[in-house]
Amino acid sequence: MSELFQLNPRQREAVKYIDGPLLVLAGAGSGKTRVITEKIGYLLKECGIPANHIAAVTFTNKAAREMKDRVSLSIGSDVSKGLVVSTFHNLGLRMIRSEYKHLGLRSGFSIFDAQDSKQLINDLMIKAKFDDSADAVQQQISRWKNNLINPDAAFANAETDVQQRDALVYKEYIRYLRSYNAVDFDDLISLPSELLQKQPEIRERWQNRIRYLLVDEYQDTNASQYLLVRLLVGVRAALTVVGDDDQSIYAWRGAQPENLALLQDDFPNLKVVKLEQNYRSTRMILDAANAVIDHNPHVFEKKLWSELGYGEPINVLTCNNEVHEVERIVSELLNHKIMNATGFKDYAILYRGNHQSKLLEMRLQELQMPYKLSGGTSFFAKTEIKDLMAYFRLLIN
């Protein structure tokens with residue numbers, strides 16, 4: 001593969017290592033997606049593993065599509081035909097469709113989305129005359145499923161009356177789901193995990209079907225996803241996982257970055273390759289990021305570095321409140337634009353939550369500064385706001 005020689009030494013090492021389980025500790029902007037796609041190509045073309053025996057798992061459908069497109073573009077769609085590149089949930093669904101009889105399901109089973117599940121839970125709570133929040137119970141049931149805790153165990157380990165009631169709802173919820181010949185999103189992971197754990201023959205069949213497994217964003221796996229990976233690779237441990245505990249942001253929905261540490265316990269011969277060269281940022285930005293990250297608890301130590309030069313100094317602006325923050329952002333932008341004779345298209349404002357865009361939009365519109373909102377719905381594009389603005393225009397005119 002000619003592309004292999006364009007990788008840096010650590011990336012190349014990660015691509016070519018197939019002698020055992022591998023953890024690629026990939027810092028931000030270090031080219032981890034390229035490593036995964038190049039490794040898939042290496043497994044196909046250099047190692048002779050058929051495409052239909054390789055599976056790559058990531059966390060979003062968009063990431064899965066992009067990864068599959070990159071592999072097809074790199075090595076050709078004919079060679080990669082049959083390759084499984086999917087989310088955890090799609091992989092679990094594929095397994096359930098193949099093994100539904102062993103799970104007590106009938107063909108043509110339904111998948112409850114979050115709203116369907118909430119409605120069923122709410123109906124069960126009304127029937128039982130429980131006055132808890134259906135949202136809270138739904139979240140609790142999801143946590144139990146992600147941790148592979150069945151209703152009986154949930155009830156036995158309940159520490160409060162509320163948890164006992166939630167466990168009773170959980171038991172009825174499962175019973176009704178099965179009577180409807182249905183599964184929910186959490187079942188797409190927990191059911192295959194439990195099946196492989198309890199049925200050695202089925203486990204061996206799937207281990208023979210998936211001869212090499214690659215997992216992206218491994219720091220965001222929960223308990224059931226981790227178990228599914230471990231059961232699929234078995235003692236052969238033909239596995240590459242890519243992750244970074246410093247980039248874990250989904251603990252609130254069950255992600256367990258400590259799964260990176262568990263790898264060393266479950267796979268004593270685990271090899272770790274660190275990708276520390278950053279291709280996006282200057283040394284100034286990386287030094288600042290490293291200084292912040294140093295305060296986090298680490299499973300593995302790493303230091304990001306870059307060949308893109310030192311870069312411009314970082315300005316930190318202190319603000320009294322969110323209104324003052326917007327004023328500072330807009331004034332700094334205008335001052336820089338005037339001093340450097342640039343255009344509005346040369347600037348971007350990043351914010352952490354969509355709720356922050358409202359004040360920014362209002363201030364930009366007051367100053368008649370053109371902008372385009374990316375990745376969300378403009379406050380002024382919402383139906384109710386457009387209706388109000390139309391009434392105001394009518395009143396004024």
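The structure examined here is a predicted model, and the values reported below are computed from its atoms.

The protein chain comprises 397 residues, of which 41% are buried, and its secondary structure consists of 16 helices and 8 strands. Taken along the principal axes, the C-alpha atoms fill a box of roughly 70 × 65 × 45 Å. Of the contacts in the chain with a separation of 6 or more, 74% are accounted for by residues 24 or more positions apart.

Helix H8 carries a set of buried residues, namely Asp166, Ala167, Val169, Tyr170, Tyr173, Ile174, Tyr176 and Leu177. An α-helix has 3.6 residues a turn, so residues three or four places apart point the same way. The buried residues of H8 pack against strand E4 (110-112), helix H5 (114-128), helix H6 (134-146) and helix H7 (151-156), as well as against strand E5 (182-184) and helix H9. Just after H8, asparagine 181 takes a positive phi of about 55°.

The side chain of aspartate 184 makes a polar contact with the side chain of lysine 145 at 2.8 Å. Leaving aside neighbours within four places in sequence, aspartate 184 is in contact with Phe112, Ser117, Lys145, Tyr173 and Leu177; Tyr173 and Leu177 are also among the buried residues of H8. In helix H9 (residues 187-198), serine 193 counts as buried because its relative accessibility is 0%. The side chain of serine 193 reaches the backbone oxygen of isoleucine 189 at 2.9 Å, and, when residues up to four places away in sequence are not counted, serine 193 touches Leu148, Ser224, Leu227, Leu228 and Leu231.

A further buried position is isoleucine 54, found in strand E2 (residues 54-58), for which the relative accessibility is 1%. The C-alpha atoms of isoleucine 54 and glycine 82 are separated by 8.6 Å, although the two residues are 28 residues apart along the chain. With residues up to four places away in sequence not counted, isoleucine 54 touches Leu43, Leu44, Ile49, Leu83, Val84, Tyr212 and Leu214.

Most residues other than glycine have a negative phi, and most peptide bonds are trans. Lysine 129, however, has a positive phi of about 60° although it is not a glycine; lysine 129 is found in the loop between H5 and H6 and, at 76% relative accessibility, counts as exposed. Glutamine 368, likewise a residue other than glycine, has a positive phi near 55°. Glutamine 368 is found in the loop between H15 and helix H16 (383-396), and its relative accessibility of 72% places it in the exposed class.

Rolling a probe the size of a water molecule over the atoms shows where empty space is left. The largest pocket has a volume of about 1,200 Å³ and is lined by 29 residues, of which Leu317, Ile329, Ala348, Ile349 and Leu350 lie nearest its centre. The elements that give two or more residues to this lining are helix H14 (322-340) and helix H15 (357-366), and H14 gives the most, with 8 residues. By class, the lining of the largest pocket has 16 nonpolar, 5 polar and 8 charged residues.

The structure also holds 1 cavity of 30 Å³ or more, and about 50 Å³ of space lies in the largest cavity. The residues lining the largest cavity are Asp246, Asn290, Ile293, Asp294, His298, Lys302 and Leu304, a set that divides by class into 2 nonpolar, 2 polar and 3 charged residues.

Methods:
Residues numbered from 1 in each chain as written. Predicted model: local features only at pLDDT ≥ 70, side-chain atom pairs only at ≥ 80, totals over all residues. Heavy atoms only, no water. Helix = DSSP H or I, 4+ residues; strand = E, 2+ residues; numbered from the N terminus. Buried < 20%, exposed > 50% of the residue type's maximum accessible area, 1.4 Å probe, protein only. Polar contact = N/O pair within 3.5 Å; in protein donor to acceptor, adjacent residues only side chain to side chain. Contact = heavy atoms within 4.5 Å. 1 Å grid on protein atoms, 1.4 Å probe; cavity = no way out; pocket = protein on both sides within 12 Å on 5 of 7 lines; lining within 4 Å. Points joined across faces, edges and corners; volume = space filled by probe spheres on them. Nonpolar A, V, L, I, M, F, W, Y, C, P; charged D, E, K, R; others polar.
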